[in-house]
Protein chains: 2
Amino acid sequence: MSIPTLFFAPIQNDIQEVEQLIRAQATGYHPDLQAALDHLLLSGGKRIRPTVTLLIGKMLGAAPQPLLNLAAAIELLHTATLVHDDLIDGSLLRRGNSTLNAKWSPGATVLTGDFLFSRAAMLAAGSTSIPVMELFASTLSEIVNGELAQLFNASCQIDREEYNRRIYAKTASLFQTSAAAPALLSDAPAEIVDAFRQYGYEIGMAFQIMDDILDFTGQQEVLGKPVASDLRHGIITLPTICYVEQNPQAAEVIALRSGDCSTSTQNLDALIEAIRTSGAITQAAAEAQDHVRRAVEALDRLPDYPEKPHLEHLARYIVDREL
Amino acid sequence: MSIPTLFFAPIQNDIQEVEQLIRAQATGYHPDLQAALDHLLLSGGKRIRPTVTLLIGKMLGAAPQPLLNLAAAIELLHTATLVHDDLIDGSLLRRGNSTLNAKWSPGATVLTGDFLFSRAAMLAAGSTSIPVMELFASTLSEIVNGELAQLFNASCQIDREEYNRRIYAKTASLFQTSAAAPALLSDAPAEIVDAFRQYGYEIGMAFQIMDDILDFTGQQEVLGKPVASDLRHGIITLPTICYVEQNPQAAEVIALRSGDCSTSTQNLDALIEAIRTSGAITQAAAEAQDHVRRAVEALDRLPDYPEKPHLEHLARYIVDREL
């Protein structure tokens with residue numbers, strides 16, 4: 001699905017430059033790296049993070065080339081983390097396309113992810129801003145730390161705070177950086193940087209909640225993976241948390257609370273069907289909408305830049321998208 | 001083995017600060033990351049790369065804190081690459097200590113390596129120098145690209161140029177950066193940076209050749225792995241190349257040339273014993289000495305800094321060390 005024209009239009013050419021910048025990162029290295037990079041970029045993605053970066057950077061008058069480098073760095077960092085995630089999860093498909101690890105050995109996949117990290121760092125250095133570099137590096141620490149925590153912690157945890165921490169690390173941290181970094185790059189005053197940081201945080205939280213909702217409501221063919229794949233792997237997301245809160249006495253909930261979220265396929269299928277058709281989805285969607293509302297409130301703290309409506313529209317798109 | 005006092009003495013306290021800086025990188029993250037980092041640092045290593053960085057940075061008057069950050073970034077980058085290397089090679093021991101992948105799942109090992117990359121990038125940003133950041137990122141690209149090329153290329157290649165490219169990517173590139181980055185950090189003139197770059201390149205090449213010699217001449221207990229483990233994995237290093245050049249008619253060489261370096265254990269054991277006791281080791285050591293000589297020549301192009309003898313001593317130590 002392409003990003004709606006309204007907020008995409010002002011940065012359409014820049015996004016193409018960002019993609020060219022990313023593709024150029026394999027130049028001069030092993031030819032299979034170019035093939036991997038092209039495959040990863042062709043597998044789509046909405047380029048929503050660099051769109052945020054470019055809209056905010058242009059709004060604040062960031063220098064054009066450092067801004068393009070930063071936007072490319074953020075998209076490439078995102079891509080690199082997906083390469084290692086898919087390997088660790090053993091995922092063979094992403095957005096209906098084969099993952100790198102479906103085609104390459106684990107060793108080659110690890111190294112390709114590492115290579116993409118190195119090129120993302122190179123592009124981030126091309127922002128020529130030390131504060132941006134530091135934010136960029138600490139965001140990667142945050143993302144990886146979140147993945148590790150998920151790996152080490154007990155599965156099947158029904159815990160809102162834990163869920164919020166996890167989706168912050170996994171998704172909202174990079175959205176936050178996508179919005180705060182261009183403000184830092186533009187030497188904006190602290191309160192402007194803070195407002196954009198808040199905006200990025202809120203749309204990132206909303207984005208991941210929507211992903212977690214779509215994991216339940218989407219069709220397997222569109223998702224490119226089984227419905228409720230997280231729950232099937234013992235990962236509890238917001239729809240399940242809402243369902244548990246709304247139906248504390250339901251038999252499946254009692255089974256789930258006893259840690260039974262991955263033992264019986266039959267129970268699990270019943271639980272998934274119950275969540276899909278319950279008010280839990282509506283409740284989770286309302287919580288995503290709350291984040292969008294707070295994102296728009298963060299924009300209200302900013303001066304009346306002419307481009308502000310684009311960011312508001314983008315925030316609303318986050319919860320209206322179908323995938 | 002500790003680094004000889006003569007060149008280690010002037011930076012002994014700084015090395016301790018570098019180690020503390022590295023240890024502090026896990027603060028605030030998942031506690032198992034601290035355990036992993038401590039284990040990796042305790043597993044030893046000679047800290048030769050940060051020693052090079054500190055000696056040169058102090059010689060040129062680099063600002064103390066950015067220099068410490070840079071030295072820590074370089075050692076941590078080295079550590080991070082080893083974590084992924086050991087995973088990919090399936091190595092269970094390094095310097096006689098268990099590797100991370102010997103204890104952790106592949107997923108946790110990949111993520112720990114990623115985390116260390118992110119913290120190395122954070123420390124590199126702490127150099128507060130954009131040229132240093134760029135050099136740092138491109139060095140990681142070089143290292144990873146070399147690993148990938150080794151993975152994708154045919155094994156059992158007897159090719160000097162290929163060998164030189166491989167050991168440059170694997171080892172000399174980071175030594176080069178260890179020497180050039182502190183010069184960049186000190187805003188040294190281009191010819192000074194170039195001389196240090198050359199110095200770093202030459203000691204890096206010498207270092208890897210010595211490692212490849214010790215792989216043949218060392219005792220299994222000291223190496224912490226079987227003798228000639230590279231050759232047993234189809235990786236041809238300089239001692240083998242020299243042996244092939246000196247003994248083109250030997251039966252094992254003819255077998256090797258036909259691509260038979262991993263098929264027959266008996267032939268392989270005979271070849272390894274022949275290399276160990278032949279003039280090939282002396283020849284390879286002489287080539288390492290040539291690199292050290294060129295490293296010292298690069299130093300001769302520099303003004304007479306009082307610390308120059310330390311760097312000369314360090315270069316000679318590279319080929320005199322036992323492991």
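## A tour from Leu151(B)

Select Leu151(B): leaving aside neighbours within four places in sequence, Leu151(B) is in contact with Gly107(A), Ala108(A) and Leu111(A) (C-beta atoms, placed from the backbone, within 7 Å). This is a predicted model, where local features need pLDDT of at least 70, side-chain atom pairs count only at pLDDT 80 or more, and totals for chains, interfaces and linings use all residues. Residues are numbered from 1 along each chain as its sequence is written, while chains are lettered from A and ligands numbered from 1 in the order in which they are written.

Stay on this residue. Leu151(B) sits in helix α8 (residues 130-152) of chain B; helices are DSSP runs of H or I, at least four residues, numbered from the N terminus. Leu151(B) counts as partly exposed because 17 C-beta neighbours lie inside 10 Å (buried is 20 or more, exposed 12 or fewer, partly exposed in between).

Now show both chains. The contact takes 35 residues from chain A and 35 residues from chain B. On the side of chain A that touches chain B, α8(A) gives the most, with 14 residues.

Next, select residues 238-246 and 280-300 of chain B. These are helices α13 and α16, whose axes come within 8 Å and cross at roughly 120 degrees. Axes are lines fitted to C-alpha atoms over the stretch in contact, with angles from 0 to 180 degrees between N-to-C directions. Which residues of α13(B) make the contact? They are Leu238(B), Pro239(B), Cys242(B), Tyr243(B) and Gln246(B).

Methods
Helices (H or I, at least four residues) and strands (E, at least two) are DSSP runs, numbered from the N terminus. Two residues are in contact if their C-beta atoms, placed from the backbone, lie within 7 Å.
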